[in-house]
Amino acid sequence: MPSSRLNSLILALPKAELHVHLEGSMQPKTLLLLAERNGIDLGCADEEGVRAMYRYRDFPHFLALYGTLTSVLRRPEDFQLITHELGMEAARQGTRYLEVTFSPATHYRNKSIAVDEMMDAIAEGAQAVLQEVGVEMRFIPDHVREYGQEFCQLTAEWCVQGRDRGVVALGLGGGEQGRPASLFADAIHWVQAQGMPFVPHAGEAVGPEGVWDALQFNPPRIGHGVRAAEDPELVDYLCEKRIVLEVCPTSNIRTGCVASWNEHPLRRLWDAGVLLTINSDDPPMFNTTLLDEYRVAVTQFGFTADDLARLSMNAARASLLPAEKREQLVETFKRGYKRRSARMDCPCQRASSPCRDHQSDKSILLHLTPIALSTSCNIGVGSEIGTPFSSPYLAPIPLIVLIGRGEPTPYFQSCKNTLSFSSTCVPSMGCSSIAGEYLLAGAVRPSASAIART
Ligand code: HPA
Ligand code: ZN
């Protein structure tokens, strides 16, 4: 498949991400900004310097660097900022739902940041994301194994207190070597008795024994878990119990937990029938994105378009949303696949000239301006998805729509205000109705759809 087509397909696929760290998602620019604002010397002055820092000798080296970069987060507003940044980036990638891990004890223990304020700020960031681009975010405070049992209990209590701010589980991260989940059994049992699931990292830096140990707590999912592939009995167990693995392929390569793409067990686990999801872990720190991870599934592991849809459906089904909300997410995903397969099944996709509905995989960029500034809109043709487009209007809101009724994709940068849309903008391109249809199909929030209809 040509790479532009693969990119369009992945961007258009409705996606959910279950394993991504808030602190590890800070973009280099934001990291530098916060370091400067909070008077932290990172030892590098520009984005290039930050990227150069993101090279790891091994997993402990990665964790040490993780500690360094989290030191820039000092005030509740910093957490609000990075939560908002993560959610907006997810929207740009066509991700509809995120479960975000963060490590409250790191900030409390090392910098005395009040956890309640931190969680309020994170919830505010998530609320803004929901309002602006419709991406739902939930949170998994994780215990960092190095901090010992008392901090695990404290983190468990923060989880329960944070339920009203989107907390859905207790996580477990940090150095796995010599620190199995069972060391924290009391806190894990306590949190589970409060009705909160436990979702640990395991089988990332240590072998199958780390996963076996975590399984005694019946987690619905395991972070990474890829080294389970070394034990056929464990693989059978994961299949039988339908335990979902949150696989983060590029992370495993960059931290050295897996030596090479050839040795990565993703394909073997998939072929054995383990329920897998694809995730980015700490995207800028691994120079990756969720889109890249889906791409890697195709380019390194030979996954098909249908496999990608199954991966994304696995994530929707394994989310920790309440049952009714989870079902809604699953249904939204199914509608997304239907639109996509209607397109893929069209005979025009094999012909030299596609039909009117599926004219090309190119994107058009709609600049929707906030109603308060203008009621008109400006449409141009973008050569690549994500290409910046200059607009004569103030505060333009770019929305990328793939030409063709099959798989348009939203690309919001900011839409604090209600959107306006005129369906007569580009009659000559024959795509105005298509864009309108997309808006009406629910890819943007109802307020925008309603206005689009007028
Ligand atoms: N493993 C353990 N701890 C972490 C990770 C990880 O992949 N990322 C951030 N903290
Ligand atoms: Zn992780």
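# Exercises on strands, helices and a pocket

In this predicted model, strand S5 (residues 198–202) runs parallel to strand S6 (residues 221–224), and 2 bridges join the pair.

**Exercise 1.** State which residue of S6 stands opposite His201, then place the strands in their sheet and find its edges.

Solution. 
- Step 1. The residue of S6 opposite His201 is Gly223.
- Step 2. In general, the strands of a sheet pair through backbone hydrogen bonds, in a parallel or an antiparallel sense.
- Step 3. The sheet here is open, has 8 strands in the order S1-S2-S3-S4-S5-S6-S7-S8, and shows parallel pairing.
- Step 4. S1 and strand S8 (275–278) each have a single partner strand, so they stand at the edges and one side of each lacks a neighbour in the sheet.

**Exercise 2.** Describe how helix H2 (residues 28–37) and H5 pack, and list the residues in contact.

Solution. 
- Step 1. Two numbers describe a pair of packed helices: the angle between the axes and the distance between them.
- Step 2. For H2 and H5, the angle is about 170° and the axes lie 12 Å apart.
- Step 3. Angles over 145 degrees count as roughly antiparallel, so H2 is roughly antiparallel to H5.
- Step 4. H2 makes the contact with Thr30, Leu33, Leu34 and Arg37, and H5 with Asp78, Leu81, Ile82 and Glu85.
- Step 5. Sorted by class, this contact of H2 with H5 holds 4 nonpolar, 1 polar and 3 charged residues.

**Exercise 3.** Characterise the second largest pocket by volume and by lining.

Solution. 
- Step 1. The volume of the second largest pocket is about 460 Å³.
- Step 2. Its lining has 26 residues, of which Pro283, Pro284, Met285, Asn287 and Thr288 are the closest to the pocket centre.
- Step 3. Strand S1 (15–21), helix H5 (76–92) and strand S2 (95–102) each give at least two lining residues. H5 gives the largest share, 4 residues.
- Step 4. The lining comprises 12 nonpolar, 8 polar and 6 charged residues.

Notes: Residues numbered from 1 in each chain as written. Chains lettered and ligands numbered in written order. Predicted model: local features only at pLDDT ≥ 70, side-chain atom pairs only at ≥ 80, totals over all residues. Heavy atoms only, no water. 1 Å grid on protein atoms, 1.4 Å probe; cavity = no way out; pocket = protein on both sides within 12 Å on 5 of 7 lines; lining within 4 Å. Points joined across faces, edges and corners; volume = space filled by probe spheres on them. Nonpolar A, V, L, I, M, F, W, Y, C, P; charged D, E, K, R; others polar. Axes fitted to C-alpha atoms, helices over the stretch in contact; angles between N-to-C directions. Parallel < 35°, antiparallel > 145°, perpendicular 65-115°, else oblique. Contact = heavy atoms within 4.5 Å. Pairing = 2+ DSSP bridges.
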